Number of protein chains: 2
Amino acid sequence: MLVELDEARSVALGVLGNVGTPQVHAELQAEVLLEAELRGLPSHGLLRLPRIVERVRNGVADPRATGRHAWRGEALLDVDGEGGFGPVVACAAIEPVRKRAKRLGVAVAAIRNSGHLGAIGWYAEEIARGGQLAIVLSTSEALVHPWGGRKAMIGTNPIAIGVPVEPEPFVLDMATGVISMGKVHDYANRGQPLEPGWALDAEGNPTTDAAAARDGAIAPFGDAKGYGLALGFELLVASLTASALGTDVTGTLDSTFPATKGDVIVVLEPHGRSASALSAYLDAVRACPPIREGEAVTVPGDRSRQRRARNLARGLEIPDAIWSRLRDLADSSLES
Amino acid sequence: MLVELDEARSVALGVLGNVGTPQVHAELQAEVLLEAELRGLPSHGLLRLPRIVERVRNGVADPRATGRHAWRGEALLDVDGEGGFGPVVACAAIEPVRKRAKRLGVAVAAIRNSGHLGAIGWYAEEIARGGQLAIVLSTSEALVHPWGGRKAMIGTNPIAIGVPVEPEPFVLDMATGVISMGKVHDYANRGQPLEPGWALDAEGNPTTDAAAARDGAIAPFGDAKGYGLALGFELLVASLTASALGTDVTGTLDSTFPATKGDVIVVLEPHGRSASALSAYLDAVRACPPIREGEAVTVPGDRSRQRRARNLARGLEIPDAIWSRLRDLADSSLES
């Protein structure tokens with residue numbers, strides 16, 4: 001069903017408030033989920049809210065925590081998220097890191113023990129809007145198989161890049177799996193086959209059956225190169241955050257285990273080409289003659305912004321079952 | 001022909017000495033090229049030497065320059081390479097950046113106006129051997145087409161990641177093109193067809209004819225995601241180094257224009273999972289049951305190390321034409 005943004009926000013705030021989330025934390029967590037909905041990323045949207053609530057109820061997430069900070073050198077902020085919500089812990093870390101980057105040229109937040117960040121492009125965009133460069137890395141549950149291997153052993157480890165560009169920041173936000181497990185479930189629900197090479201079944205055999213792939217492994221994007229990147233990010237993040245590795249990562253797809261993944265946010269102060277020079281280059285790329293007539297070349301972020309504008313005007317399309325579950329959770333204050 | 005490493009080094013030093021390269025610069029430049037040969041990357045090996053010499057003779061490279069340094073904040077070193085050799089300028093920048101990273105947690109070198117770095121994995125490995133994490137980005141001539149576009153507008157923009165791991169560092173070194181232009185030339189020379197989807201011809205039409213692809217464009221690796229990464233790196237590097245963008249980049253494939261690409265080297269101080277914990281994870285990945293029996297899963301850097309050991313024992317395989325050209329250049333001290 002179509003839900004207006006304000007109504008969706010109000011329900012999300014109610015759901016979060018019901019498990020004791022301070023208002024300012026609830027607003028931040030809700031905004032990150034709603035922005036994902038606006039941008040057409042429902043797998044990182046309101047769908048996540050019931051699990052966040054269950055995690056609080058199970059004592060593996062703390063809606064009040066903002067994280068404990070320790071500088072390891074002036075430019076590297078070590079953050080123990082203390083089980084806080086991902087967006088709350090990340091934003092509390094980004095603020096001092098941005099100030100340090102302004103002064104020092106670069107600074108980094110290395111975050112462990114915090115909840116799912118949501119779509120990491122959101123943080124890259126925030127940082128870029130403030131005039132700085134961002135590289136955001138996050139690890140996650142092992143869903144991706146090594147290139148040439150049969151078992152899921154690597155996270156879908158996304159990378160986001162944010163660059164100040166006129167009139168809107170350049171934002172890349174991509175996972176290193178060829179497809180997300182959320183989309184595999186979508187294909188399975190619709191009985192639609194996957195493309196060859198996208199996934200393995202539980203025995204590690206290639207399959208196009210989406211239902212079988214749910215218990216198997218996703219391929220890295222871009223074959224051996226994407227595998228190398230996913231693995232490199234897994235090591236980099238663990239080396240900086242003491243996060244868990246591979247199949248030891250828990251806590252973003254379940255409601256019962258502590259979150260053991262890690263997040264790394266690098267903020268850099270630009271001093272080279274201006275935002276308008278970069279913008280001119282991106283416009284030239286967009287004007288590149290297309291392979292297929294009528295299908296103009298786009299730049300990462302273009303389509304997401306189009307979807308956002310459409311959804312702002314039209315409302316959010318939220319599956320009935322999820323919306324009804326959220327309304328129940330928002331109304332449950334008296335019982336819980 | 002097979003050439004012993006010491007003989008190849010001696011000839012390379014002779015070639016570089018003949019254009020006035022100080023001994024210590026010649027040794028560094030030669031080592032980076034020879035290591036690429038050892039690791040089975042001839043496109044980044046001795047093949048490059050005649051061009052380096054021509055660039056010196058044409059006044060667009062300066063074998064004595066080490067770069068002018070200016071700290072933009074305590075953690076960000078801005079480097080004007082002053083036309084120096086890539087390895088010389090990069091190593092002169094890496095030394096102080098490593099010290100700052102040790103103290104501050106992270107530091108960055110942003111380099112413009114310097115020659116081709118060679119295989120950037122070399123720098124990532126050096127930094128990781130010293131116990132620090134490295135991310136190395138470099139831009140290059142526009143050889144890659146935007147996803148869905150017909151023209152080459154983006155560099156093959158490689159990324160290297162180095163992580164201290166026992167017993168040997170983890171080193172990823174990959175370009176963001178699906179294949180290198182060097183390999184396209186190899187295919188053309190052997191009359192071998194390219195795989196579908198790898199390249200476009202000069203008119204921007206898909207082709208498997210390697211000869212036609214030489215004047216066209218290479219596809220980004222991993223479709224839209226690899227395109228996004230390549231473009232993101234192009235912007236990040238330009239934003240930090242004031243390097244040229246897209247088709248304005250010159251100076252690593254020609255002998256006549258200044259080098260206008262940029263290089264960014266990020267050094268981070270690890271404080272999370274230990275090198276031995278990372279190593280245990282990598283061993284578990286290597287032990288993943290393989291898709292094809294007998295083809296064990298490898299980790300980036302494994303094959304390169306095997307090739308290095310073999311080539312150290314066997315000698316370097318250098319095409320006759322290149323070896324004879326290098327010997328001429330080494331012998332030409334009296335005429336030049």
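User: What makes the span of helix H11 of chain B close to the expected one?
Analyst: In this predicted model, helix H11(B) covers residues 320-331, twelve in number. From first C-alpha to last, H11(B) reaches 16 Å. At 1.5 Å a residue, 16 Å is expected.

User: Which residues of H11(B) are called buried, and by what cut-off?
Analyst: Buried means under 20% relative accessible area. Trp323(B), Leu326(B), Leu329(B) and Ala330(B) are buried in H11(B).

User: Why do you say that the buried residues line one face of the helix?
Analyst: Look down the axis of H11(B). The buried residues fall within an arc of 125°, so they line one face. The general rule: an α-helix has 3.6 residues a turn, so residues three or four places apart point the same way.

User: What does the face turned away from the buried side carry?
Analyst: Exposed residues: Asp320(B), Ala321(B), Asp328(B) and Asp331(B). Exposed means over 50% relative accessible area.

User: What covers the buried residues of H11(B)?
Analyst: The cover includes strand S1 (2-3), helix H1 (5-17) and helix H3 (49-57), which belong to chain B.

User: Now chain A. What makes S2 and S9 edge strands?
Analyst: Seven strands of chain A form an open sheet, ordered S2-S3-S4-S13-S5-S8-S9, with mixed pairing. Strand S2 (68-71) and strand S9 (170-174) each pair on one side only. Pairing takes at least two bridges. From one strand to the next, the twist averages 10°.

User: How do you know that S8 and S9 of chain A pair?
Analyst: Five bridges join S8(A), residues 159-163, to S9(A). The cut-off is at least two, so the strands pair. They run antiparallel. Ile159(A) stands opposite Met174(A) of S9(A).

Technical notes: Residues are numbered from 1 along each chain as its sequence is written. Chains are lettered from A and ligands numbered from 1 in the order in which they are written. This is a predicted model: local features need pLDDT of at least 70, side-chain atom pairs count only at pLDDT 80 or more; totals for chains, interfaces and linings use all residues. Side-chain values use heavy atoms; hydrogens and water are left out. Helices (H or I, at least four residues) and strands (E, at least two) are DSSP runs, numbered from the N terminus. The expected span of a helix is 1.5 Å times one less than its number of residues. Buried means under 20% relative accessible area, exposed over 50%, partly exposed in between (1.4 Å probe, protein chains only). The arc is that of the directions from the helix axis to the C-beta atoms. Contact means heavy atoms within 4.5 Å. Axes are lines fitted to C-alpha atoms, for helices over the stretch in contact, and angles run from 0 to 180 degrees between N-to-C directions.
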